[in-house]
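Open your viewer, colour by chain, and follow along one selection at a time.

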Number of protein chains: 2
Amino acid sequence: MNIKILAEQLNLSISTVSRALRDSYEISEPTKARVRAMAKQLNYRINPYASSLRRHRSKTIAVLIPEITNNFFSQVINGIEYIAQEKNYHILIYITHEDVRKEIEFAHHLHNGRVDGVLMSVSAETNNYDHLNELMESGVPIVFFDRICESIETSSIITDDFESGFAATEHLFQCGCRRIGFFGLFEHLSISRKRYEGYLAALKKYGINKDDDLIVRSGNDIAANEAAITKVLTSANKPDGAFASIEKMAIASYNVCKRLDIDIPSQLKLISFSNLEISTLLNPSLTTITQPAYEIGKQAAMQLFRYLEKKLYMNRHEKIVLKSSLIPRQSTKKTHSA
Amino acid sequence: MNIKILAEQLNLSISTVSRALRDSYEISEPTKARVRAMAKQLNYRINPYASSLRRHRSKTIAVLIPEITNNFFSQVINGIEYIAQEKNYHILIYITHEDVRKEIEFAHHLHNGRVDGVLMSVSAETNNYDHLNELMESGVPIVFFDRICESIETSSIITDDFESGFAATEHLFQCGCRRIGFFGLFEHLSISRKRYEGYLAALKKYGINKDDDLIVRSGNDIAANEAAITKVLTSANKPDGAFASIEKMAIASYNVCKRLDIDIPSQLKLISFSNLEISTLLNPSLTTITQPAYEIGKQAAMQLFRYLEKKLYMNRHEKIVLKSSLIPRQSTKKTHSA
DNA sequence: TAAAAGTTCGCAAACGTTTTCGCAAATAAA
DNA sequence: TTTATTTGCGAAAACGTTTGCGAACTTTTA
């Protein structure tokens with residue numbers, strides 16, 4: 001079943017049928033109606049590969065994310081999917097598992113026109129962006145979200161990470177904490193840096209000296225993370241509050257506290273970036289900084305389509321900043337310490 | 001940059017270059033090496049659309065799922081992705097949001113060769129499978145996972161839902177429950193039926209009469225679900241235990257109990273199907289039936305590739321059953337009732 | 001030594017679209 | 001009426017691959 005057969009059935013030329021199906025102005029309304037009717041009757045579907053080959057557009061976008069079993073990213077995908085469906089676009093998904101080599105491999109594979117554009121959050125390991133620059137230069141627009149790449153001239157959708165880091169730390173201070181830990185991600189990740197800077201700024205504002213012993217940098221290895229947290233929480237100068245700049249570290253902290261029988265919030269107050277739907281059901285419920293993940297996905301996709309529809313030209317460094325919200329719960333509840 | 005330019009640079013014919021790149025036996029090893037070197041040097045990437053058009057294979061599979069912000073499905077995707085990467089396949093993702101009309105729309109769109117095969121879990125609303133039968137008949141193999149479609153002759157990957165439903169109910173009984181509720185999904189969903197039958201069988205084994213007042217059927221509307229649960233938990237003959245056949249209902253139950261000040265597990269014991277990583281951190285920790293989601297994804301993908309590689313012929317009704325595991329936690333802890 | 005078989009490659013026809021160009025016929029303007 | 005312009009459509013050349021077939025050359029077999 002192809003357009004040729006369809007044309008024969010209609011006694012029309014292939015070109016006329018093609019144009020009719022694309023609703024070209026060159027075709028009369030009656031002819032279009034005939035074509036549409038016959039196409040429906042014969043259950044004709046256009047061949048996307050022939051079409052893409054000829055038009056140099058795939059009607060497909062790629063989404064590159066570091067992980068998928070994480071509410072933040074799955075909510076982002078939901079937002080992306082919403083916009084993509086509106087535009088009749090398809091979504092190819094690639095998961096890097098925080099592995100730069102995979103990210104590079106994917107980037108190279110996308111050089112060939114398989115997708116019209118890319119939405120991505122860089123892997124935590126990534127600190128060289130050549131593969132992404134090359135992709136951009138080959139004409140594939142990239143829009144970053146959350147974990148962006150400052151050095152590439154394109155749009156990104158981020159949240160107010162500095163302010164959130166500041167607010168989280170301030171919140172802990174206001175709840176009585178004076179020794180505030182930072183449990184964060186790798187240093188070179190954009191979001192982590194910003195959150196950390198916000199943390200430092202808040203410490204400064206309240207006249208607290210930064211203490212490197214209270215800072216934990218997480219990797220991908222859960223056991224290692226928990227070990228690092230355990231070390232901090234059992235040290236002589238242990239923190240009375242902690243700001244987890246990533247959900248993974250909050251979970252790890254809960255586990256460690258459970259194991260060490262450290263009570264949250266009386267012995268340790270905890271606030272974390274998180275998009276868990278059930279923060280409220282944790283024991284105790286977790287005070288979170290929650291990012292508007294769904295909206296991030298939507299905005300990122302919309303921005304990409306602005307490039308694809310040439311409403312926006314590439315190499316315009318544009319940042320869209322959405323606001324996260326701090327939701328106080330039990331894990332930072334003020335307690336009357338001894 | 002295309003194969004033509006590559007061929008000119010090499011002083012070879014296009015066909016030789018093509019064959020060399022595909023590692024054909026017809027090309028000598030020295031020539032292959034030359035071609036590969038030049039391809040690398042010129043940064044040549046094959047055009048996937050031209051290739052797909054010519055070969056009638058897309059190296060792409062579609063994954064159709066009802067939702068993505070759910071650990072079960074995102075873990076399944078991880079499993080699928082693992083196998084797909086091994087096979088150098090790409091993954092298109094389609095989310096139905098439990099909407100049959102979207103499912104039908106997606107199924108129709110996939111008639112055109114965009115994908116070589118489909119992996120899917122049907123939407124809860126689906127009870128007519130014509131669109132899927134048509135897709136199969138048009139030559140696109142479908143492998144179902146979890147929410148399968150019994151009436152279509154193909155492979156499916158499921159878990160031992162009857163046994164799990166039985167075990168869950170039995171577990172509640174053994175923890176002292178005598179009035180056991182069932183909080184489940186729509187009737188016509190395969191998994192829900194099986195789990196429900198397991199529930200009934202366990203009741204029967206222990207001589208408990210089924211009580212329709214203890215059965216809640218969930219929809220997509222969270223508020224409505226919570227209202228229904230509230231009604232049951234505040235009725236005169238309220239249950240002393242409940243089996244949630246879907247995670248959503250367990251969350252709703254926690255919320256309702258919190259609101260009504262019903263203590264879990266002393267006043268209500270709760271067990272639920274769930275793939276939450278943090279069931280252990282809930283208050284109280286949740287006893288779960290956990291499905292091997294990652295493995296389900298892998299198996300489903302592997303089975304699909306058996307079709308694609310013609311190692312398995314379509315229309316073979318084959319079911320692969322994996323085992324879920326019951327993990328007892330605080331929410332079903334035996335209590336000394338008054 | 002001739003025939004058969006094997007090796008290595010090129011020609012050209014697909015695959016199913018889209019689109020440029022062109023050409024009639026119909027309509028509008030002069 | 002003649003000359004432009006518009007309207008509706010068709011022929012054919014792309015798009016970048018893959019592959020059946022055959023040519024030329026080399027090696028093996030009879």
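Start by selecting residues 1-55 of chain A, which the UniProt annotation "domain: HTH lacI-type", from an unreviewed entry, covers. UniProt positions are given here in the numbering used for this model, feature names are shortened, and annotations may be inferred rather than shown by experiment. Over residues 1-55 of chain A the chain is 67% helix and 0% strand, with the end C-alpha atoms 21 Å apart. Helices (H or I, at least four residues) and strands (E, at least two) are DSSP runs, numbered from the N terminus.

A word on what is on your screen: this is a predicted model, in which local features need pLDDT of at least 70, side-chain atom pairs count only at pLDDT 80 or more, and totals for chains, interfaces and linings use all residues. Residues are numbered from 1 along each chain as its sequence is written, chains are lettered from A and ligands numbered from 1 in the order in which they are written, and side-chain values use heavy atoms, with hydrogens and water left out.

Next, show both chains. Chain A can be laid on chain B with an RMSD of 0.1 Å by a turn of 180° and a shift of 0.0 Å along the axis; the two copies are thus related as by a two-fold rotation axis. The superposition is by least squares on the C-alpha atoms of residues with pLDDT of at least 70 in both.

Now select the interface. Here 44 residues of chain A are in contact (heavy atoms within 4.5 Å) with 44 residues of chain B. Because 100% of the interface residues of chain A are also interface residues in chain B, the copies meet through the same surface. The buried area (accessible area, 1.4 Å probe, that two parts lose on being put together, summed over both) is about 4,500 Å², and carbon and sulfur atoms give 59% of it.

Finally, zoom in on Ile264(A) and Pro265(A), where the peptide bond is cis, with omega near 10°. Pro265(A) sits in the loop between H11 and strand E9 (269-273) of chain A. Hop over to chain B, where a cis peptide bond joins Ile264(B) and Pro265(B), with omega about 10°.
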